[in-house]
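Dear colleague,

I am passing on the structure we spoke about, and below it you will find my notes on what turned up when I went through it. Please read them with the model open beside you.

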Amino acid sequence: MFTTKAFIKKSKIGHFLKNVREHYIRDDIFCGVPSCETCHPVESHLSSTYKNVCCLFKYNHYLILDTNVILDQMDVLDEPILENIIILHTVLKEVKHRSLPIYKRLQSIIDNPSRHFYVFTNDHHKDTYVKQDDKELINDYNDRLIRKSCSWYMKHLPGEIFVLLSNDAKNRAIALAEGIPTLTIKDYIESVKDNSVLLDKLAKKDIHVETYTKDIFPPHLSNVELLTGVKNGKLHQGTFRASKDNFLEGFVNVDSLEDPVLVQGRSGLNRAVNGDIVVVEIFDKKEWVSPSDIVLEDEGVAEEGIDEIELKERELKRSKKIKEEIKPTGKVVGIIRRKWRQYCGILQGGMDGVYQLFVPSDRSIPKIRIETRQADFLRTQKLIVTIDSWPRHSRYPHGHFVRALGKIGDQTTENEVVLLEHDVPHSQFSEEVLACLPKLPWIITEKDVKKRVDIRHLDICSVDPPGCTDIDDALHCRPIGNDGFEVGVHIADVAHFIRPGTAIDKEAASRATTVYLVNKRIDMVPELLSSNLCSLRGGEERFAFSCVWEMDANANILNTRFHKSIIKSKASFTYEEAQMTIDDKSKNDPIAMSLRGLNKLAKILKKRRLENGALVLASPEVKIHMDSETMEPLDVEVKKLFETNSMVEEFMLLANISVAEKILDEFPECAMLRRHPTPPSTNFDPLIKAGRHLGLDINVECGKNLAQSLDEATKPENPYLNTMLRILATRCMLQAVYFASGTLQKEEYYHYGLAVPLYTHFTSPIRRYADIIVHRLLAVTCGADSTYPDLLDKQKSTELCQNLNYRNRMAQYAGRASVAFNTHLFFKGKLQDEEGYVLHIRKNALQILIPKYGLECTLYLAKKGESSNIFEYNEEEQSQKAGNITLHAFDPVKVRLSLDSNNIQHEKFVLQLVSPYIEGFSVQPLGESMEVDPDKPASEKKRKSKSESHVKNKKKN
Amino acid sequence: MSKNKELISKIGLRLDGRRANELRRIRCKLGVFTEPDGSAYIEQGLTKVLAAVYGPHEVRGGRSKAQHNSAIINCQFSMAVFSTTERKKRPRGDRKSTELSMHLQQALEAAIKSELYPFCQIDVYVEVLHADGGIYPACVNAATLALIDAGIPLKEYVCACTASLANNDIPMLDISHQEEVLGGPTLTVAALPMSGKIVLMEMSQRFHLDHLDKVLEKALQGCKDIKEILDNAVRLHVTDIGSSTGWANTKH
Ligand SMILES: [Zn+2]
């Protein structure tokens, strides 16, 4: 029952340490097979009723898998066809060691009772444990352990059949000699009934070439050669980044080198895929070249043909080299680690037979060859495909089809693609999560009332964008004392429903945020909470967490208090309705008075905030009007802002700041805060440059100076100029991030954009998980709740913050991708002339911003790589001159907008210049009848009946 | 090393194959030396400790230290040069060993009927031969056995044990060095298991109050289990000695 494991390990400082560890051997580990009568019954998912059907075996049989089968063929195992599988602990450990993602997938299958998997802890079982021999390699030892368990099972249950699946020929040979039935997974699956799904998913790792084919790629060096090469400095290890425009070019970012290493051509890239960790050999200096400036698209259609690729390589060689731009050049000689993942894309048309080419939507990924028996169907679909291998003789990597997402071009399919590509968890909420929801009808009990401050009588109301169903916040304001006010911000008490450690809590923490696509919302918490029980709807009694200030008439805070409360919002306004209520002098009801009071105080707060150096940034936010029936975008426009937008924002900022101070005071080590780092000064270079060309001096020394220079940067002849500068300034900023207070120095807490020393998120717990944590912390400070271990664990909080930051970033990108897709959809087949502004001047193009649609597009003045014979580029002045017309940055222009849909995966806008009119380049304006007047849309009446869908205003701070 | 490492697998086994509530293997022997008045050797897993007891004898170094109502318990803790994976000279009286000596003294004082020996002194020497987690408990347990071997009257056994939290949730017993390094906070408890009195409690790191009860309960259970094992060893030892003189055979 007892043995020791001894091994010798080298310590960091080079001493040899002898490590001895205990290893207990047990007699209470059971086989898990239901028909066994010797072992005690044990919880096991193996089933005697489910039967694996394979024509090689007459009866039901249990499968034992070798590690390589799991690592290579996870997609096959994911299919609920192979069942009754015994996973040995030795194998499980090795899988975990080799690939964490695959381990997690395997673990979720093991946990699923309907899959009938069982983990046998062979390495602690008295009959299946064997000692590692002195000179035995770890792989051989593991293989021996696996075979030992197989023969034990056979002896333990002579009535059952056990089959070992292994792709390792040596292991199979020894197993057969020991009398263990064994097969490769391929041979096994080919004999399984209804195997077409499985055959499609079989990873193509070991394709044997029967006929001799020419090797297309040079071989990779062996691992030993690579490691010694890197060690002695002859070779360099780095991350490969493929070019998006040229499939025969890429860079390798090497940590120790300042410049990335340029690699070109088939032999230069040598089967490296974007993201792989590779080893490069750098050529002699005289062979260095400059990056090409041509666009090369992979137009290969067949597996065999390499003529086309050779042609393009020659084209690449011919393209001119600029002496000054020469970069270190080299070639990939080996791959340390593949970073292959699953890719979205479509099948390339025009191929017959089972071999098909898959075109990933990510242009930095090569086409992938897959084998499928349902090509006709798959051609209509968006697919997910993964890479298995890339042999030397194959022009394209080999992969296999994982699943279809839906019809190409469908809203739902495209949403799915956006969500997948941005790693947004979007599956249905599990039963376990839904079980955490309160039972309906939900009623407020006596006990609830006792624990909360009852402010149902107060005149509270909410102000949100139209169509908002997840109302996080509500406000009130009433006069107190002589000339003071009591102002309350009431936030949905989501933490009341989501208790720490429950399934719903874990799910929300993993989702981190609600994701808003144009016509779809992916909730962080189930709809019952987000749109009903937590949502502070007008006229409903709801739980809230209140932050209440006493203020004087100058909006100075005299006193702050926090408490959990019961509220009954009197009305939920849209920004527009609230604005109208404030402006309508005839209205003098308590709600109108309350709104007016809030508005007055908000203006003072805003003024003070801006004086302190808070930045006003701009990025065009777009609203897309959708047809509720067909879900097609009707119109795209930039969001309209009211005074009430900023009124709500001011009080949310103030509440967040007050809460941040409070929780940091109580929890100096583990308060969840939000910081916005000061950008490095080089970030501002584009902004300063743009200002200089306009004769404006932009001071970026500190936030306050920047805010001031931005305020002063106006020119009466171009009212949009200031906004453009603010858009540029926004792009210089870094991302704001969450962090645990104990992990950073006090000075680093600073929020640059808001110019406040402390900030957090408290006001949107329905759609942000960070706010839930902040609510829990705040609840502790006011005695409304107790702590739990993870809340006070600095390490755990930091890990949580990392996930929140990652998910938030991805949610933002996903939202933008969705807007882009719908804008494209809107413009399909349309031709429109629009007002725009020049954002940047380039050598052969103008970067144009079209504020109406929030679009930024490129207007090419010449074909890529050529120079224009009409325009004259002045690098010094950053201008383009044609005849007597000169274009500078920020100049207004009129452009014709259309969509180029030739490449269905990469639609793009094409611009043509309308005004200023330049002979031989500009186009005539569209006819009067076709012109769309932005102020008076022809379909106004029609539009009002359509529902509007919104990209919810994600507050920038 | 990641703090998230699973210390208990889904199947319920720890890294070395134990279950959460299982002690490591304990082997012990009383009377390993002839020179001291009492001595014992204990192995808890790979942690190995020798203990020797001298006394009670007259207080050395002047009578001024002597107490008129009880004996002085003097404890000396040391670690062998070869006791850890890295060989290191450990001077006597460094901070760690002074602290451990004091804690040991505190635990033993609670068990020894020192009031029987006024103006006397009892010396307890413990030496760690190999350290693999849970040094202090092994020292307490070894010292208890050595005191019994020396025939010093005890109120009851004093036993010690460690406990910790695996996967931030499951309390587990008798923490090995590997688990100490990978895991979270370790709770060390020395107790009089029969009466259930805790004589010493120490935590290596802060942890949340919610967890304390279940971890403490686990550690106390460990002390009781250890007491059973020690008790058996003592009985076996007494039978052995007895059988050589012949009197014990009548009983068994
Ligand atoms: Zn059995």
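**A buried arginine in a loop**

Arg271(A) is found in the loop of chain A that runs between α10 (265-269) and β11 (277-282). Please keep in mind from the start that this is a predicted model, and that what I describe here is computed from it. Although its side chain is charged by class, Arg271(A) counts as buried, because its relative accessibility is 6% and the cut-off for buried is under 20%. A polar atom of the Arg271(A) side chain lies 2.8 Å from the backbone oxygen of Pro218(A). Leaving aside neighbours within four places in sequence, Arg271(A) is in contact with Phe217(A), Pro218(A), Pro219(A) and His220(A), with Asp276(A), with Ile335(A) and Arg338(A), and with Trp390(A), Pro391(A) and Arg392(A).

**Other backbone features**

A positive phi in a residue other than glycine also turns up at Ala555(A), where the value is near 60 degrees. Ala555(A) lies in the loop between β24 (541-551) and β25 (557-568) of chain A, and it is buried, with a relative accessible area of 1%.

Two cis peptide bonds are worth checking by eye. In chain A, Leu440(A) and Pro441(A) are joined by a cis bond with omega of about -5 degrees, and Pro441(A) is found in the loop between α14 (431-434) and α15 (446-451). In chain B, the peptide bond from Gly55(B) to Pro56(B) is cis, with omega near 0 degrees, and here the proline, Pro56(B), lies in a strand, β3 (residues 47-58) of chain B.

**Chain A as a whole, and its packing**

The secondary structure of chain A comes to 27 helices and 39 strands, and of the 957 residues in this chain 52% are buried. Among contacts in chain A between residues at least 6 apart in sequence, 68% join residues that are at least 24 apart.

The largest nonpolar core has 90 residues, and those with the most contacts inside it are Leu595(A) and Phe651(A). Helix α21 (residues 643-666) of chain A gives the largest share of this core, with ten residues. If residues up to four places away in sequence are not counted, Leu595(A) touches Cys461(A), Val463(A), Phe573(A), Ala578(A), Thr581(A), Ile582(A) and Met647(A). Apart from this core lies another, of 62 residues, which includes Ala107(B), Ala138(B), Ala150(B) and Leu173(B).

**Where the two chains meet**

Chain A and chain B bury about 2,300 Å² between them, and 50% of that area is on carbon and sulfur atoms. Glu22(A), Tyr24(A) and Arg26(A) supply 25% of the area that chain A buries against chain B, more than any other three residues. The contact takes 29 residues from chain A and 25 residues from chain B.

Across this interface the rule finds two salt bridges, and in one of them Arg26(A) pairs with Glu22(B), the closest N and O atoms being 2.6 Å apart. The rule also finds five residue pairs in polar contact across the interface, counting pairs with both residues at pLDDT 80 or more. On the side of chain A that touches chain B, at least two residues each come from β1 (2-10), β2 (16-24), α4 (100-111) and α26 (794-827), and β2(A) gives the most, with eight residues. By class, the residues on that side of chain A divide into ten nonpolar, ten polar and nine charged.

With best wishes

Technical notes. Residues are numbered from 1 along each chain as its sequence is written. Chains are lettered from A and ligands numbered from 1 in the order in which they are written. This is a predicted model: local features need pLDDT of at least 70, side-chain atom pairs count only at pLDDT 80 or more; totals for chains, interfaces and linings use all residues. Side-chain values use heavy atoms; hydrogens and water are left out. Contact means heavy atoms within 4.5 Å. Buried area is the accessible area (1.4 Å probe) that two parts lose on being put together, summed over both. A salt bridge is a side-chain nitrogen of Lys or Arg within 4 Å of a carboxyl oxygen of Asp or Glu. A polar contact is a pair of N or O atoms within 3.5 Å; within protein, one must be able to donate a hydrogen and the other to accept it, and residues adjacent in sequence count only if both atoms are side-chain atoms. Helices (H or I, at least four residues) and strands (E, at least two) are DSSP runs, numbered from the N terminus. A nonpolar core is a set of buried Ala, Val, Leu, Ile, Met, Phe, Trp, Tyr and Cys residues joined through side-chain atoms within 4.5 Å. Buried means under 20% relative accessible area, exposed over 50%, partly exposed in between (1.4 Å probe, protein chains only).
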